[in-house]
Amino acid sequence: MLAELHQIAKEYDHPVLNGISLTIRRGDSIAIIGPSGAGKSTLLNILGTLDRPSSGQVVLNGEAVELLDDNQLADRRNHFIGFVFQLHYLLPQLTLLENILLPLLPEKDKPTIKAAEARALRLIDRVGLNNRINRLPGELSVGECQRAAVVRALINQPGLLLADEPTGSLDEENATTLGILLAELNREEEMGMVLVTHSMELAKRMKVIYRLHLGRLEKMEEA
Ligand SMILES: Nc1ncnc2c1ncn2[C@@H]1O[C@H](COP(=O)(O)OP(=O)(O)O)[C@@H](O)[C@H]1O
Ligand SMILES: [Mg+2]
């Protein structure tokens, strides 16, 4: 089991999540849909340890997240989880390749770094950016930047890839390209993928779709 959510609840000044349980295994691809304000980002951030639940338990790779200290959490985030957000957050002063290799900065082991660099070049080629590696983000299209952000998220071979509205800043054509790519990478890289979106077209590319409604997940049946 890659990740488990047990009866997650979260309230701010009002209840947002209301008893959510979910299990994620290698190879799973899960879309969570729902309107703006439904709590999709809150749920994804709790799963990614960026936020803590008001009650309930998050288990990542067999470890209860609530028992980890800040250093351990940072380590799990770096090695076990890849994040893709609506905005790519590439650093403007670094080339595409340097941006993609950024998560390796804390790594000291030379063979690990070498292997990751080879992996970076393979993935860059895989997403069609091999003739762009020395460009700065400002010289790339938004679609290209988002594909680079996906490669960066995968560079440490995460067990879990979490994506929050990954196509939210893209035009229709680039959104379609990215959706197809995410579904293919889920099969090829065998991670568990959870993406939240309000795009049904994107959601349908995942194997399972849940709707977040009144703080609970409802599984959507195939049409
Ligand atoms: N840090 C926060 N402090 C207070 N309220 C928040 C915070 N983050 C989210 N919320 C509230 O939680 C609800 C769900 O937000 P969010 O998870 O961002 O929804 P979605 O991603 O589905 O649009 C909203 O009512 C939002 O205002
Ligand atoms: Mg959101």
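## The sheet

In what order do the 4 strands of the open sheet come? In this predicted model, the order is S2-S1-S4-S5, and the pairing is antiparallel. The edges are taken by strand S2 (15-24) and strand S5 (63-64), each of which pairs on one side only.

Let's walk across part of it. Strand S1 (residues 3-11) is joined to S4 by 5 bridges, and the two run antiparallel. If you want a spot to look for that pairing, Leu5 has Val58 in S4 as its bridge partner. Moving on, 2 bridges link strand S4 (residues 55-60) with S5, again antiparallel. Here Val59 sits opposite Ala64 in S5, while Leu60 has Glu63 as its bridge partner.

## Hairpins and positive phi

S4 and S5 make a hairpin with 2 residues between the strands. One to check in that turn is Asn61, with a positive phi of about 55°.

Strand S9 (residues 208-213) and strand S10 (residues 216-219) run antiparallel and are joined by 4 bridges. Leu212 stands opposite Leu217 in S10. In the loop between these strands you'll find Leu214, which has a positive phi of about 50° despite not being a glycine.

## Around ligand 1

Which residues surround ligand 1? The shell consists of Tyr12, His14, Val16, Pro35, Ser36, Gly37, Ala38, Gly39, Lys40, Ser41 and Thr42. By type, that shell splits into 4 nonpolar, 6 polar and 1 charged. Helix H1 (residues 40-47) gives the largest share, with 3 residues.

Now for some polar contacts, each involving an oxygen atom of the ligand. A polar side-chain atom of Thr42 lies 2.5 Å from an oxygen atom of ligand 1. With Gly37 it's the backbone that does the work: an N or O atom there is 2.7 Å from a ligand oxygen. For Lys40, an N or O atom in the side chain is 2.9 Å from an oxygen atom of ligand 1. As for burial, ligand 1 taken alone exposes 560 Å², and the protein buries 59% of that.

## The largest pocket

Rolling a probe the size of a water molecule over the atoms shows where empty space is left. What volume does the largest pocket have? It comes to about 370 Å³. There are 19 residues lining this pocket, and the closest to its centre are Arg77, Asn78, Ile81, Phe83 and Pro103.

As for the make-up of the lining, 13 of its residues are nonpolar, 4 are polar and 2 are charged.

Notes
Residues are numbered from 1 along each chain as its sequence is written. Chains are lettered from A and ligands numbered from 1 in the order in which they are written. This is a predicted model: local features need pLDDT of at least 70, side-chain atom pairs count only at pLDDT 80 or more; totals for chains, interfaces and linings use all residues. Side-chain values use heavy atoms; hydrogens and water are left out. A residue is near a molecule or strand if one of its heavy atoms lies within 4 Å of it. A polar contact is a pair of N or O atoms within 3.5 Å; within protein, one must be able to donate a hydrogen and the other to accept it, and residues adjacent in sequence count only if both atoms are side-chain atoms. Accessible areas come from the Shrake-Rupley method with a 1.4 Å probe; for residues, only the protein chains shown count as cover. Ala, Val, Leu, Ile, Met, Phe, Trp, Tyr, Cys and Pro count as nonpolar, Asp, Glu, Lys and Arg as charged, and the others, Gly among them, as polar. On a 1 Å grid over the protein atoms alone, a cavity is a set of points where a 1.4 Å probe fits but cannot get out, and a pocket is an open set with protein on both sides within 12 Å along at least five of seven lines; lining residues have an atom within 4 Å of a point. Grid points are joined across faces, edges and corners, and a volume is the space filled by probe spheres set on the points. Two strands pair if DSSP finds at least two bridges between them.
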